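Please keep the sequence and the structure in view while reading.

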Amino acid sequence: MRLNILLGLVILVVSQASIADEAINTTETDEISVEKLLCPDADIWGKKMITGICWSCLFPVRLLGMTLYDMDNEIPDGASEESFCVCNEAGDTPKLGMTAGAWMPARLIEVVRKPYCSPSLGGISFNNGVRLWGGHKEVEGDGSDKTFYNYHYWAYPLFMILDLFTQSFCNAGGFRNMDLMYMSELDPTWNIDELAFFTNPEAIVFANPLAVAACTVDCAVTTAYQPLKSLWWCAGCWGNLYPFVGNIASDGSPPRDSSLLSARVLAALHRRGLAHKTYGDDAMCGGTIYPMIPKQQYKLSMVFPIAEAKAEKEKAEKKDANGNTVMGANGQAEMIDKVIPGENCCHYIGESTFKWGEWRNIPGIGEDFVYLIWRYTDCCLIYSE
């Protein structure tokens, strides 16, 4: 009897993995191994570098203080409205440039159950230690379910990696390739709440019903428009940004839990002086260190397990280098899949998961998450030889 039940569960998991793979373009594989269940491949360096990116998130674009293309007027309060700017590079004399502003893909945050697991690097593990395992922990009867995840914070200046946009003043932090910047397994404040309190004692100010209730206002405003700058301790519908730890009271929503932890990562790095404010007149020449998270500066787009980018496929005729239609052996035009990028596939910190992704997790093969972090960036475009 037990053997039949076990075989049934195995068949169910494998069949769900096969269906998910075909339907939502997760990592293509012929078989599911235990290692891939515990540490999946997010296919960041495969086709998802193109099809899994929310390219429409780049907009609106501003140049010389004027908005060239504005989809939803999603520009942070306090963004630069100047036309010209002055910056100096590497000790040179100041040079005159023109202002530009856009949403730029800058960082990756992977939220994982298995410590040292990296879906962004193909599902490899840096270490096979058994400490700091995470995931959803159910406590029956009292409603006190808990969730803990590890995280890895990567520099991911995608436009520079693809050689699409290489102005140095538009890349706060100076990273030009994918680099590991921070990992929770080496930070004891991430899993020890008491230790985190001593590094961020202001958390006690927001541990009261009034501060928590204020986050409901942030939830409504963020979902309808954009985050409130005044409620900087709130993560909208996701909960409270404080304390900066990986332990949270869970409501059984993996997208919400992983999003809240991603927002806490950004808030903690700002608090430690390891993240930049990238918009405004004072950030025009490479960003400024900012101790409190500027929530309106950030948008997130899920890349794994179910990409938030609404890329769709349609059949199109295959063309050669000269633009002529390629004919098949049957005398008819060969057809290929053409990917059409979608719109509205990134979201603000705190935006309700019911609006963008409550369904974006897959039991077993999709319980780890990778988010692409977009920053609104004001910068000075200077001509250089």
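Aspartate 163 is found in the loop between α4 (158-161) and β10 (179-183), where helices (H or I, at least four residues) and strands (E, at least two) are DSSP runs numbered from the N terminus. Although aspartate 163 is not a glycine, its phi is positive, at about 60°, and the residue is exposed, with a relative accessible area of 61%. The model is a predicted one, in which local features need pLDDT of at least 70 and side-chain atom pairs count only at pLDDT 80 or more, while totals for chains, interfaces and linings use all residues. Residues are numbered from 1 along each chain as its sequence is written, and side-chain values use heavy atoms, with hydrogens and water left out.

Tyrosine 116, in the loop between β4 and β5 (117-118), likewise is not a glycine and has a positive phi of about 70°; at 17% relative accessibility it counts as buried (buried means under 20% relative accessible area, exposed over 50%, partly exposed in between, with a 1.4 Å probe and protein chains only).

| Cis bond | Omega |
|---|---|
| Tyr242 to Pro243 | about -5° |
| Phe304 to Pro305 | near 10° |

Proline 243 lies in the loop between α6 and β11 (247-249), and proline 305 in the loop between β14 and β15 (312-317).

The largest nonpolar core has 40 residues, of which Trp233, Leu266 and Ile349 touch the most other members; such a core is a set of buried Ala, Val, Leu, Ile, Met, Phe, Trp, Tyr and Cys residues joined through side-chain atoms within 4.5 Å. Its largest share, eight residues, comes from α7.
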